[in-house]
Amino acid sequence: MVKLEVIMLESTAQVTIDHQTQSIRCLYDKHAGMLLGYIFEVVKDRKLAEEYLVKIFSALSLLREKQGEVDINTWCQLLKYTKTKLLLLHVQNRYEETHAHPGMTVVGPANIYLDRLNEMQRRVFCEVYHHGQTISALSVALNTTEDLTRKTLKEAFLIMRSGG
Amino acid sequence: MVKINEYLESGALESYVLGAASKAEIEELLSLKSKHPQVEEALAILEADLERIAEHMAIAPPPNTWLKIEASMNELVTSPKMEYLIGEEPVERSRPNPGSRKTEQFIEVEGESGHMRIHKIWRWVFGAVFILGKIFLAFAIYYYLENKHTQEEIQQLKIELSNQRKK
């Protein structure tokens with residue numbers, strides 16, 4: 001009886017893990033390319049971006065899950081999760097990266113969305129989107145008000161949407 | 001109505017979607033979202049925008065990436081590394097493995113290895129015991145053969161003595 005219970009527990013745990021791997025695989029199939037593109041824009045190094053992609057997807061398996069499914073379902077949730085992870089991973093590696101490969105930054109493909117923005121709009125959007133800056137910190141850095149920074153961000157979205 | 005339109009135009013939703021909003025701004029947005037369906041609609045549009053921008057910037061990962069992720073996940077399940085746990089609540093879990101599944105409630109004190117470590121001095125003690133054993137064995141064989149030989153001689157002498165008496 002006890003043995004049967006142990007076997008059942010083991011198989012339940014196995015099913016949970018398999019289910020979780022499946023849900024991460026679904027997320028990978030849907031968003032891996034987008035995430036790699038995003039990470040590349042942040043780190044500007046293809047190999048490092050691929051390495052971070054592996055680390056971020058692997059780390060999803062450590063998240064608390066609901067019945068074997070990872071709580072992250074949408075691109076926005078994955079992006080927020082990636083930003084927090086990337087901030088920590090990239091801070092750890094920033095020193096090694098700049099010293100091991102000096103000047104080894106790769107220029108990405110021309111971005112039709114960002115090309116439509118003016119200098120200020122592009123800076124606000126990139127600082128928030130790629131580098132996880134808060135509105136208040138960015139306003140201080142740009143020597144402007146928070147309201148104006150938010151407005152600039154709004155304009156950036158509107159311009160990118162209109163050209164989409 | 002004017003107020004909510006002003007809010008939608010302020011850029012607060014954009015900063016929220018990008019994760020750049022402060023705690024107070026998030027709370028304000030969540031309370032407005034429950035009252036005004038326009039906020040939810042605007043958020044859905046912004047999320048779609050973000051997805052479209054990301055799709056445009058997408059780079060196809062190399063074909064073996066998923067295998068690397070799978071291998072890394074298996075490794076993490078058995079021994080989570082610190083760099084993955086930063087910013088996470090620690091989760092205790094392990095892949096079911098016959099033999100190692102003692103119980104999840106107790107810390108395993110007894111090692112699973114069948115080997116034990118002892119002091120080097122015991123090597124000399126075991127060597128001495130072995131050599132002494134061999135010496136005792138050699139003596140035992142020697143005295144056994146000696147005793148047998150003596151017994152045979154006594155027997156021989158007894159026969160000779162009885163023959164002489166008969167004569």
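Predicted model: local features only at pLDDT ≥ 70, side-chain atom pairs only at ≥ 80, totals over all residues.
Trainee: In what order do the elements of chain A run?
Mentor: Start at the N terminus and read on. You'll get α-α-β-β-α-α-α-α-α.

Trainee: And what pattern does chain B follow along the sequence?
Mentor: Chain B has 7 helices and 0 strands. Read along the sequence, its pattern is α-α-α-α-α-α-α.

Trainee: What percentage of the residues in chain A is buried?
Mentor: A residue is buried if 20 or more other C-beta atoms (placed from the backbone) lie within 10 Å of its own, exposed if 12 or fewer do, and partly exposed in between. In chain B, 12% of the 167 residues pass as buried. For the 164 residues of chain A, the buried share is 36%.

Trainee: What percentage of the contacts in chain A between residues at least 6 apart join residues at least 24 apart?
Mentor: A contact needs two C-beta atoms, placed from the backbone, within 7 Å. In chain B, 42% of the contacts with a separation of 6 or more come from residues 24 or more positions apart. In chain A, the share of such contacts joining residues at least 24 apart is 67%.

Trainee: Why does L117(A) count as buried?
Mentor: L117(A) sits in the loop between α4 (112–115) and α5 of chain A. Leaving out residues up to four places away in sequence, L117(A) touches R122(A), F125(A), A156(A) and I159(A). L117(A) counts as buried because its C-beta neighbours inside 10 Å number 21.

Trainee: Is N143(A) buried or exposed?
Mentor: N143(A) is in the loop between α6 and α7 of chain A. Its phi is positive, about 55°, although it is not a glycine. With 6 other C-beta atoms within 10 Å, N143(A) is exposed.

Trainee: Where is K44(A) placed?
Mentor: Here's another non-glycine with a positive phi of about 55°. K44(A) has 16 other C-beta atoms within 10 Å, so it is partly exposed. Its place is the loop between α1 and α2 of chain A.

Trainee: Which element gives the most to the side of chain A that touches chain B?
Mentor: The contact takes 49 residues from chain A and 46 residues from chain B. By class, the chain A side has 24 nonpolar (Ala, Val, Leu, Ile, Met, Phe, Trp, Tyr, Cys and Pro), 11 charged (Asp, Glu, Lys and Arg) and 14 polar residues (the others, Gly among them). With 14 residues, the element that gives the most is α1(A).

Trainee: At what angle do α2(A) and helix α5 (residues 65–78) of chain B pack?
Mentor: Among the residues that meet here are L53(A) and F57(A) in α2(A) and I69(B) and M73(B) in α5(B). Axes are lines fitted to C-alpha atoms, for helices over the stretch in contact, and angles run from 0 to 180 degrees between N-to-C directions. The two axes are 9 Å apart, and the angle is about 45°.

Trainee: How are α2(A) and α5(B) therefore set to each other?
Mentor: Angles under 35 degrees count as roughly parallel, over 145 as roughly antiparallel, 65 to 115 as roughly perpendicular and the rest as oblique. With the angle at about 45°, α2(A) and α5(B) are therefore oblique.

How values were computed. Residues numbered from 1 in each chain as written. Chains lettered and ligands numbered in written order. Helix = DSSP H or I, 4+ residues; strand = E, 2+ residues; numbered from the N terminus.
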